[in-house]
Amino acid sequence: MKQTLLGGICVACLLLSGCEMIDYHPYDVRIDGETDINAHHIEQIERDCLGKDTIRFVTMGDSQRWYDETVDFVNHLNQRDDIDFVIHGGDLSDFGVTDEFLWQRDILNGLKVPYVALIGNHDCLGTGEETFRAVFGDPNFSFIAGRIKFVCLNTNAIEYDYSRPIPDFKFMADEAQSRREEFDRTVCCMHIRPLIDEFNNNVAEVFEYVITQFPGLQFCTAAHEHQVFQLDIFDDGVIYYMSDCMKNRNYNVFTITPNGYQHEVVYY
Amino acid sequence: MKWSIIKYRNYFAIALCLIAICHTGTATAFTPALQDTTVITIHDTLYLPSPETESIAVSPVKPSRYDRRVHRYRRHWEALIPTHTKLQFAGNMGLLSIGTGWDYGRRNQWETDLLFGFLPKYDSDKAKLTFTIKQNYIPWSLQIRQSDFSFEPLSCGLYLNTVFGDEFWVHEPDRYPQGYYGFSSKVRFHIFAGQRLTYNIPSRFRVTARAITLFYELSTSDLYVVSAFTNRYLKPKDYLSLSFGIKLQLL
């Protein structure tokens, strides 16, 4: 009796462990576990930051195929308790493979603080964008933390052959107006910044004009270039802060106070 | 046994083969116990003496050049008749793949399959079709006791899978600078290893197939290997894929 029970348990374990190993296709978009991450976390961010006059958040990105480094980032950040939320600047996956998004999601879900993820150009490969939409949500989104609006944009024009409006000016114009009474200042986040080849540079100046129409624009954040630096791209005082890739083990921290903001780079 | 039958499709040879089995059977049964252990050697292949010439009916009409050519022509095209069909579940080639293939080699240790796979849409925009070309190597086939079952302790090989759809490419489309991503999202290279259990259907029960094989495989593909290589985070359950299948041996 005991033996059959033990045997049964062994078989059941084998079957269960086997289930995780049954893969239909790298690009199958078959998703186990949490979906619509950004929506859940935005709800949490907006609730936690309501009424706060100082917001401290992290930007990082390009964690593709650097799982160990991303795990280290999560463990490092969990030792801090002064951060309100994390913005992942895109490129969670390297090949757009479904499992890559799920592995990254599972690692980042280990964060104590909520995070949102932007779409990177690598995330658009194959069925990548379809996976991104299911797991994280719409590639263009916004949220309000304290009285600051964060406008997060899909700027991976290279992936779309001009067949879709990237960046989406309609979305941007709407964001300048929607929930207008709830925010005074704006931060604009993207994966690819203007004036590098993968951006739709035909509209780079127009893009800059549209984002400067956002109420109280503070600065912009981007990722993609795998190096940490900052640039006043159009010499108009709008600073773009680029985050490094996870391989180089650092991230940006921004503290927005009622009088302005501070920026620092933290190595771990 | 099965290989001798395949090789000599000649009914005459089969008949002789059966007679030979009967003879060896009776011979061993009636061997007087001269030693306390009788060693019975079971051979996989039976080597038969060449048939006696007078028992072969030879047509008085000599085959013409044309006859010989047609014979050759038919024989060559006959080699293209698939010897088996296969159904495979999972394995990163679709939810379910179905196809056909050929076995060949001195002991039929090689197998080549062509499979079409179906992938439901799940959370993507549309369902997908995949195509797989698969090369198998089965070095050993061991008969289990004296039953109709045999066990293949290792089957291994590689397969190439391609998925149909505009969102996948072999060469990067023109919109990218040359060599920007440096991989193909359409074609995956897989390697696998597994085991098989074969039931050789006794001739009186045969309807469509001569044998049924159940198999399982563990496989991985290029993108998973490069991901696992640099990350301790990824465990075998992440980069290995389990699949099951059934093979019907038609010929």
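Analyst: One term to start: two residues are in contact if their C-beta atoms, placed from the backbone, lie within 7 Å. Helices (H or I, at least four residues) and strands (E, at least two) are DSSP runs, numbered from the N terminus. This is a predicted model, where local features need pLDDT of at least 70, side-chain atom pairs count only at pLDDT 80 or more, and totals for chains, interfaces and linings use all residues. Residues are numbered from 1 along each chain as its sequence is written, with chains lettered from A and ligands numbered from 1 in the order in which they are written.

User: OK, what covers the buried residues of α5(A)?

Analyst: The cover includes α2 (37-49) and α4 (98-108) of chain A. Among the buried ones are Phe132(A) and Val135(A).

User: And what phi does Gly137(A) take?

Analyst: A positive one, about 125°, just after α5(A).

User: Switching to the sheet: what's the strand order?

Analyst: In chain A it runs β4-β5-β6-β7-β9-β8, an open sheet of six strands with mixed pairing. Strands count as paired if DSSP finds at least two bridges between them. β4 (141-145) and β8 (229-231) of chain A are at the edges with a single partner strand each, so one side of each has no neighbour in the sheet.

User: In which sense do β8(A) and β9 pair?

Analyst: Antiparallel, over three bridges, with β9 of chain A spanning residues 240-242. Phe229(A) sits opposite Met242(A) in β9(A).

User: How many residues of chain A are in contact with chain B?

Analyst: 30, and they meet 33 residues of chain B. On the chain A side, α1 (2-20), α3 (67-78) and α5 (128-135) each supply at least two residues. By class that side has 15 nonpolar, six polar and nine charged residues; here Ala, Val, Leu, Ile, Met, Phe, Trp, Tyr, Cys and Pro count as nonpolar, Asp, Glu, Lys and Arg as charged, and the others, Gly among them, as polar.

Terms used: Buried ≥ 20, exposed ≤ 12 C-beta atoms within 10 Å, placed from the backbone.
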